[in-house]
Amino acid sequence: MGKINLLEYFEDTVRRLGEKTAVLDGERAVSFRELRREARALGCALRRKTGGEPGRPAAVYLKKSAGSIAADLAVLYAGCAYLNLDVDTPLPRTRSALELVEPLAVITDRDHAPALRELWPQERTLLLEEARPPAPAEEAAMDAGLRGLIDTDLFCLINTSGSTGTPKSVALCHRSFIDYTTWAIEALGLREEEVLGSLAPIVFDHFSYELCLMMALGCTLDLIPEGCAAFPPKLLQHLAKREVTYIFWVPTIMVNIANLDLLSRIPLPRLRMVWFAGEVFPTKQFNYWRRHLPGATFVNLYGPTEITVDCTYFVVDREIPDQEPIPIGFPRRNADVLILREGDLPAGPGEEGELCVRGSCLALGYYNNPEKTAEAFVQNPLNRAYPERIYRTGDMVFRNERGEIVFRGRRDSLIKHAGKRIELGEIEHTAVNALGLVENGCAVYDGDRREIVFFYEAREELPPARFRRALLEVLPGYMVPGRFVRMEQLPRNQNGKIDRLALKKRVNG
């Protein structure tokens, strides 16, 4: 019989690989058996604290660590769904998330409890240090509660920023994570021997996938120290020391590594799987990685949190010129993609349209937010026979001559300027990928001045005339930005992507 929740996979893994290392946290190595013991003790403590209400969320307010992983598993053992909170996020944003979700309790530790007291009642706070070995009757009651779970029960909530900057909590179930994780293992050849270099913050959907992969596959999660991301040489040295075989990262840090030519100095012979998602990986920097790791499998994945991690993928098995974008490929198993042009009609080959997704990969909706849920999760316009939800991503794509899906940009980055329809993403792609003028860039429209503004990262300021001359060789004049603004680093949102909202606010003053 098939499994209906992720803990069933975890229990099987503990039986098979109990003494194997599940988590590497600095110098601490935690076995699967030890992780299970800590999680179950904390899960029983959570039930004692709250009385146990299956299906309700409980929050985790901890730094990424073996302790936070045990806390996530404890929430699941208690029959609840976890919401990971970022301890470095400003307190007003954390308060908003807590007020929206109203979790049963918040799990934290003594180090973070003082900050939490400003936001949350102490009587509904559970400290890691409070967990004690549970009585057999408590464990039996907890296991009995788990037998009542079904696969569409809530697994986790993941906060994501809306266009207004107000957090939304995406509600994801066990079924969708089981689908994604088993597909990843079977379709792309992941092994239980993998050592996964975990860089994603615990608030990312990528981290929840890594947690599922550890539970289902029995691989080892190596929690990369927090400070490494800011120092790429240290990051690569860490991967080499730990003999990491698999990474799944947002491209930003990979671009920095390529620009610094670090792979020529710090080889990674054990790295065999390189996945990336979350934003466009400039092809020039990608090709640098591919040249230096010729034996690795590179996979470009695409998908918003609302469809459970990713819905399309592209195994890069051919040469792609620097000036061409890397396709986002094809739908993964059990996640169908519709490309709809104006009038909600299917787009033909080469025709641009909005990428929409259907299937059990879809989130249950936005927690405690029926209005936003109804806006984003709508009836499939191609199906009039019965209710069928699709998620409208707001991303514009097309199918190329190979049938591969190619990302063009956000629907809201399409503007009307000088009487012409312009995709701001095309300007970004041209400046960064095709011409290699800068390391990273973002085009924003200033509606008041009717001007395109291009923000960019570069080691030194480039004269605007040089930008214009280079862009005019490729783009029509109406697409060339009127202003160029150099920044040490483009602002990033909580998901690690360029914060376009912050740049728009800067433009509009």
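The structure is a predicted model, in which local features need pLDDT of at least 70, side-chain atom pairs count only at pLDDT 80 or more, and totals for chains, interfaces and linings use all residues. Residues are numbered from 1 along each chain as its sequence is written, and side-chain values use heavy atoms, with hydrogens and water left out.

**Two loop residues**

Asp-344 sits in the loop between S16 and strand S17 (345-346). Helices (H or I, at least four residues) and strands (E, at least two) are DSSP runs, numbered from the N terminus. Although Asp-344 is not a glycine, its phi is positive, about 55°.

Next, select Asn-334, in the loop between strand S15 (330-331) and strand S16 (336-341). Asn-334 is not a glycine either, yet it has a positive phi of about 65°. With a relative accessible area of 47%, Asn-334 is partly exposed.

**Asn-300**

Move to Asn-300 in strand S13 (residues 297-302). Is this residue buried or exposed? Asn-300 is buried, its relative accessible area being 7%. To see its surroundings, display Phe-276, Thr-312, Tyr-313, Phe-314, Ile-326, Pro-327 and Ile-328, with which Asn-300 is in contact when its neighbours within four places in sequence are left aside; contact means heavy atoms within 4.5 Å. The Asn-300 side chain also reaches the backbone oxygen of Pro-327 at 2.9 Å.

**Asn-84**

Now select Asn-84, which belongs to strand S4 (residues 81-85). This residue is buried, with a relative accessible area of 5%. Which side chain does the side chain of Asn-84 join in a polar contact? The partner is Asp-72, at 3.1 Å. A polar contact is a pair of N or O atoms within 3.5 Å; within protein, one must be able to donate a hydrogen and the other to accept it, and residues adjacent in sequence count only if both atoms are side-chain atoms. The side chain of Asn-84 also reaches the backbone oxygen of Ile-202, at 3.1 Å.

**Two helices**

Select helix H4 (residues 91-101) and find Glu-99 within it. Glu-99 is exposed, with a relative accessible area of 54%.

Helix H13 (residues 424-434) is mostly covered, as 8 of its 11 residues are buried. Among them are Leu-424, Ile-427, Glu-428 and Val-432. Just after H13, select Gly-436, whose phi is positive, about 60°.

**The whole protein**

Finally, display the entire protein, whose secondary structure comes to 15 helices and 27 strands. Its C-alpha trace spans about 75 × 55 × 45 Å along the principal axes. Of the 509 residues, 56% are buried. Among contacts between residues at least 6 apart in sequence, 67% join residues at least 24 apart.

Note on methods. Buried means under 20% relative accessible area, exposed over 50%, partly exposed in between (1.4 Å probe, protein chains only).
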